[in-house]
2 protein chains.
Amino acid sequence: MDRRAVVLLSGGLDSSTTLAIARSEGYECYALSFDYGQRHRRELEAARRVAEALNVRDHRIVRLDIAQFGGSALTADIEVPKGRELEEIGRGIPPTYVPARNTIFLAHALAWAEVIDAFDIFIGANCIDYSGYPDCRPEYLRAFEYMANLATKAAVEGRGRFHIRAPMLTLSKEDIVRRALELGVDLSLTWSCYDPTPEGLACGQCDSCILRRSGFEAAGVEDPIRYAKREAV
Amino acid sequence: MDRRAVVLLSGGLDSSTTLAIARSEGYECYALSFDYGQRHRRELEAARRVAEALNVRDHRIVRLDIAQFGGSALTADIEVPKGRELEEIGRGIPPTYVPARNTIFLAHALAWAEVIDAFDIFIGANCIDYSGYPDCRPEYLRAFEYMANLATKAAVEGRGRFHIRAPMLTLSKEDIVRRALELGVDLSLTWSCYDPTPEGLACGQCDSCILRRSGFEAAGVEDPIRYAKREAV
């Protein structure tokens with residue numbers, strides 16, 4: 001088989017598992033990561049290692065010039081919420097939301113996909129154990145897919161139809177941890193924390209750490225990465 | 001009035017006229033241009049001058065890292081078609097098509113718009129005297145708009161609904177030239193050519209030059225920019 005797929009890869013648990021799934025389905029994978037001035041740039045290192053471990057055909061890190069717009073705790077001087085209750089996460093959209101981020105990411109994926117004749121674009125979006133970001137919801141992903149097939153020469157000329165694939169969409173974090181382990185993903189390579197300590201440890205307290213830790217805990221598996229604080233979730 | 005609008009501005013005839021229209025409707029305009037490795041970077045200079053002449057509130061030039069994907073005569077080593085017949089232009093999609101370009105442009109505009117509370121995004125797309133690019137068609141623009149209102153916190157929380165406005169969409173080039181002049185746009189500041197000569201003159205023979213020249217000719221107006229060759233259109 002040599003169907004190609006572009007896979008958005010942040011280096012986190014969800015996108016790494018998504019890449020493993022694309023690979024297990026026989027796709028030749030082209031991984032795409034973004035350097036957008038995120039404070040957790042450490043994730044790019046994770047993306048590199050995961051891409052290598054999962055044997056992608058090519059891995060690109062695209063620079064985005066969006067931090068200048070501001071409006072997010074991940075790119076501007078706005079505080080990342082810490083120590084929220086698990087139940088609180090996903091109610092309302094937190095300041096870590098980055099305006100139009102998945103639209104910008106998917107637009108780049110679409111550009112690359114069209115050039116290399118890949119018609120499947122994988123994204124690790126999840127709308128169960130997530131931060132409530134609107135651009136992780138199924139209705140958004142469907143709308144992007146519909147738009148993509150009107151936007152592109154490849155689709156309009158009938159060379160193929162683009163599909164946005166989000167295999168994590170309705171899994172719990174627990175299920176994602178299990179799925180990753182079944183597929184042999186080395187989770188010590190992945191990175192989820194939004195706000196690493198100066199020493200490069202995961203903070204353990206941002207929404208992303210809390211969601212990740214709850215997933216490992218529910219799955220009864222030890223999280224192989226080190227946290228600055230090991231408070232109860 | 002201080003309704004805000006983000007206006008995509010390439011510095012060409014269509015986007016400059018679009019900016020003038022947004023301004024005439026009373027919007028406070030935030031112009032957005034892109035440096036994407038296009039061979040006709042000269043257009044960025046034009047964008048700067050037009051933005052200044054039309055008194056925008058802010059003008060950003062965002063760097064895009066998409067030339068690495070290739071796939072277009074505007075960003076890769078692929079020849080720009082020259083000397084085509086006017087009737088030929090718009091039948092089929094030429095190699096100057098840039099994969100997912102307007103989707104990437106509009107995604108950035110959406111990000112900025114959301115941060116500054118602008119709910120109108122203006123684009124100079126035209127589907128009459130145009131090169132047949134799929135991402136200039138009304139059905140594409142409508143699909144983007146629909147997606148944008150699912151993608152963003154501002155829309156989902158009900159702060160407003162985003163509108164993609166394309167006032168050039170169904171005008172002929174002749175009408176666009178007339179409209180620009182009515183609005184007092186200084187067309188000597190604009191730039192349309194895809195493939196300037198080493199001396200910085202418009203080639204006069206690429207599709208974009210041919211469409212522009214036909215518009216001026218039909219409107220019975222002299223084009224104030226200089227061309228390397230002045231062959232009959």
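Five strands of chain A form an open sheet in the order β3-β2-β1-β4-β5, with parallel pairing. Strands here are DSSP runs of E with at least two residues, helices are runs of H or I with at least four residues, and both are numbered from the N terminus. Two strands pair if DSSP finds at least two bridges between them. The edge strands of chain A are β3 and β5 (163-165), and each pairs on one side only. From one strand to the next, the twist averages 25°.

This is a predicted model, in which local features need pLDDT of at least 70 and side-chain atom pairs count only at pLDDT 80 or more, while totals for chains, interfaces and linings use all residues. Residues are numbered from 1 along each chain as its sequence is written, and chains are lettered from A and ligands numbered from 1 in the order in which they are written.

Strand β2 (residues 28-35) of chain A pairs with β3(A) in the parallel sense over six bridges. A:D35 stands opposite A:R63 in β3(A). Helix α2 (residues 42-53) of chain A lies across β2 and β3 of chain A. This helix runs at about 170° to β2(A). Such angles run from 0 to 180 degrees between N-to-C directions, and the axes are lines fitted to C-alpha atoms, for helices over the stretch in contact.

Next comes a loop. A:N55 sits between α2 and β3 of chain A. A:N55 has a positive phi of about 60°, although it is not a glycine. Is A:N55 buried or exposed? A:N55 counts as exposed because it has 10 C-beta neighbours inside 10 Å. The cut-offs are these: a residue is buried if 20 or more other C-beta atoms lie within 10 Å of its own, exposed if 12 or fewer, and partly exposed in between, with C-beta atoms placed from the backbone.

Now turn to chain B. Its five strands form an open sheet in the order β3-β2-β1-β4-β5, and the pairing is parallel. β3 (58-63) and β5 (163-165) of chain B stand at the edges with a single partner strand each, so one side of each has no neighbour in the sheet. Six bridges join β2 (residues 28-35) of chain B to β3(B). In β3(B), the bridge partner of B:L32 is B:R60. B:D117 lies in the loop between α3 (101-116) and β4 (120-122) of chain B. B:D117 has a positive phi of about 60° and is not a glycine.

Two residues are in contact if their C-beta atoms, placed from the backbone, lie within 7 Å.

Chain A can be laid on chain B with an RMSD of 0.0 Å, by a turn of 180° and a shift of 0.0 Å along the axis. The two copies are thus related as by a two-fold rotation axis. Copies are superposed by least squares on the C-alpha atoms of residues with pLDDT of at least 70 in both.
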